Amino acid sequence: METSGVERRRRRRRVVLVPYPFQGHITPMLQLGSILHSKGFSILIAHTKFSSPNPSNYPHFTFLPLSDNLDGFDTSFHNLLNVMSVINSNCEAPFEEHMMQMVAEEEVCGQQVACIIYDPIMKFADAVANRLKLPSIVLRTTSAAYMHSHIVMFQLLAENLIPLPESQLHAAIPEVHPLRFKDLPLPASMEIPQVVLDFQHTTSATLDDFFSIGPFHKMAPAIPTSLLEEENICLSWLDKQAPNSVIYVSLGSLAIIDEKALTELAWGLAKSEQPFLWVVRPSLVNGSDAMESLPEDLIKTTQERGLVVKWAPQKKVLAHPAVGGFFTHCGWNSTLESICEGVPLICMPCFADQMVNARYLTYVWRVGIELENGRERTIEKAIRTMMVSEEGEVMRQRAFHMKREIERSMNEGGSSYESLNCLAVYLLSYES
Ligand code: UDX
């Protein structure tokens with residue numbers, strides 16, 4: 001139980017959070033803010049004007065919008081590296097100006113900046129923290145295992161070994177069990193943009209001294225985090241389905257696929273003959289309205305036993321008893337949200353950390369099926385295996401066991417519980 005003295009001391013501590021403005025990154029940062037607020041800290045969210053969270057959803061936080069000059073800029077998936085550079089060049093000056101003012105006014109307002117917690121892509125926040133001599137912490141919104149894969153990637157780059165020959169991709173990486181070279185976030189060539197090379201610095205800095213904390217969404221008081229509108233109709237549709245009967249399909253907020261892959265997925269769902277809930281967000285297929293590119297008879301077939309929505313309340317969907325499997329791109333948030341509900345996964349990783357997450361899900365924790373690329377009827381087969389075979393049932397039991405393990409780690413004395421407390425104590429240790 002906290003004493004009121006500690007509580008007062010914490011409220012005088014302001015934690016400044018700097019999220020990268022995309023769903024998979026902004027969600028964990030807002031959840032961390034909510035957790036730290038519940039532990040007594042004041043929270044300031046310094047955010048780009050592009051894709052900003054709605055302040056009225058978070059009356060307990062204060063918000064600092066930063067001019068990013070992204071108006072009219074191409075913010076699509078293919079241009080993300082340029083988006084990162086533009087944000088880093090444009091947000092540094094306004095952020096520094098606000099932070100200097102805040103530090104100057106600390107005495108008057110009775111609140112001290114305890115720390116700046118920033119997404120590693122928002123590198124400008126670290127530069128400002130260093131210049132103003134403010135403590136800073138990197139919040140990596142990916143798994144700890146992904147950091148190791150980054151280190152191997154940078155080693156390969158330093159040794160001029162990229163691109164790797166096709167024949168080496170399936171081989172195990174000797175020093176990073178259980179990863180294979182194909183699980184690394186390998187660039188196609190040696191031409192690596194500066195913004196990616198900058199990760200090298202934050203990766204080694206983080207590995208020296210990191211807290212592995214989470215799953216945030218189970219530790220945070222529930223707060224809205226979706227940047228798109230959720231279609232809650234899917235929850236009443238799920239209410240009408242049998243327990244563990246529905247396969248939920250979503251590829252997160254960023255991944256894009258081509259029309260051929262979309263059609264293959266639709267046929268896989270149709271031929272599997274299982275009920276499904278499918279998220280087809282407007283930007284899922286490159287350059288066209290996704291559903292319009294499907295043949296009409298296929299849409300009709302899929303609609304007979306499925307529901308297609310543009311954006312779902314995913315955490316509630318995965319917690320629904322009707323959902324028995326998750327066909328996913330293996331983003332880290334989706335991975336955590338699924339295993340926290342004991343839902344096994346069909347893994348179709350697309351980029352970055354997703355291959356590492358898929359490898360752990362399928363090979364280490366054995367709660368996932370790896371899609372066999374290029375094999376005929378692979379999607380249909382994977383869905384049937386997951387939803388109606390004994391193998392799928394065994395995976396579901398393993399996933400349920402994992403859910404219980406996670407719950408134990410969040411209880412007093414568990415590793416997640418203790419790590420979070422360590423973080424709060426660490427933040428309080430920054431005395432002026
Ligand atoms: C990105 C990267 O792709 C991912 O690999 C990295 O780990 C984090 O940043 P994203 O692709 O969006 O994120 O995937 P993910 O991490 O799974 O995050 C998606 C979030 O959107 C999840 O929290 C999920 O609950 C939410 N979501 C997704 C919805 O609320 N509704 C939907 O319909 C789909």
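A residue is called buried if 20 or more other C-beta atoms lie within 10 Å of its own, exposed if 12 or fewer do, and partly exposed in between, with C-beta atoms placed from the backbone. Helices (H or I, at least four residues) and strands (E, at least two) are DSSP runs, numbered from the N terminus. The model is predicted: local features need pLDDT of at least 70, side-chain atom pairs count only at pLDDT 80 or more, and totals for chains, interfaces and linings use all residues. Residues are numbered from 1 along each chain as its sequence is written.

Two strands pair if DSSP finds at least two bridges between them. β6 and β9 run parallel and are joined by five bridges; Y248 stands opposite F326 of β9. Three bridges link β9 to strand β10 (residues 345-347), again in a parallel arrangement, and T328 has C347 of β10 as its bridge partner. Together, β9, α14 and β10 form a right-handed β-α-β unit. Right-handed here describes a path from the first strand over the helix to the second that runs clockwise when the strands point away from the viewer.

H320 is located in the loop between α13 and β9. With 21 other C-beta atoms within 10 Å, H320 is buried. Leaving aside residues up to four places away in sequence, H320 touches L235 and L238, where contact requires C-beta atoms, placed from the backbone, to lie within 7 Å. H320 and L238 are 82 residues apart along the chain, yet their C-alpha atoms are separated by 7.4 Å.

Helix α11 (residues 259-272) has 14 residues and should span 20 Å at 1.5 Å a residue; its end C-alpha atoms are 20 Å apart, which agrees. The expected span is 1.5 Å times one less than the number of residues. The buried residues of α11 are L262, L265, A266, G268, L269, A270 and S272. Elements covering them include β6 (246-250), β7 (276-279), α12 (296-305), β8 (306-309) and α16 (378-388). After α11 comes E273, with a positive phi near 60 degrees.

The ligand has 25 residues around it, of which G24, G252, Q314, G331 and S334 come nearest; a residue is near the ligand if its C-beta atom, placed from the backbone, lies within 6 Å of it. Seven residues of this shell are nonpolar, 15 are polar and three are charged. Ala, Val, Leu, Ile, Met, Phe, Trp, Tyr, Cys and Pro count as nonpolar, Asp, Glu, Lys and Arg as charged, and the others, Gly among them, as polar. At least two shell residues are supplied by each of α2 (23-38), α13 (314-319) and α14 (332-339).

Most residues other than glycine have a negative phi, and most peptide bonds are trans. N69, in the loop between β3 (62-66) and α3 (80-104), has a positive phi near 55 degrees. K133 has a positive phi of about 55 degrees and counts as exposed, with 7 C-beta neighbours inside 10 Å. Cis peptide bonds join I162 to P163, with omega about 5 degrees, and G214 to P215, with omega about 0 degrees.

Methods:
Contact = placed C-beta atoms within 7 Å.
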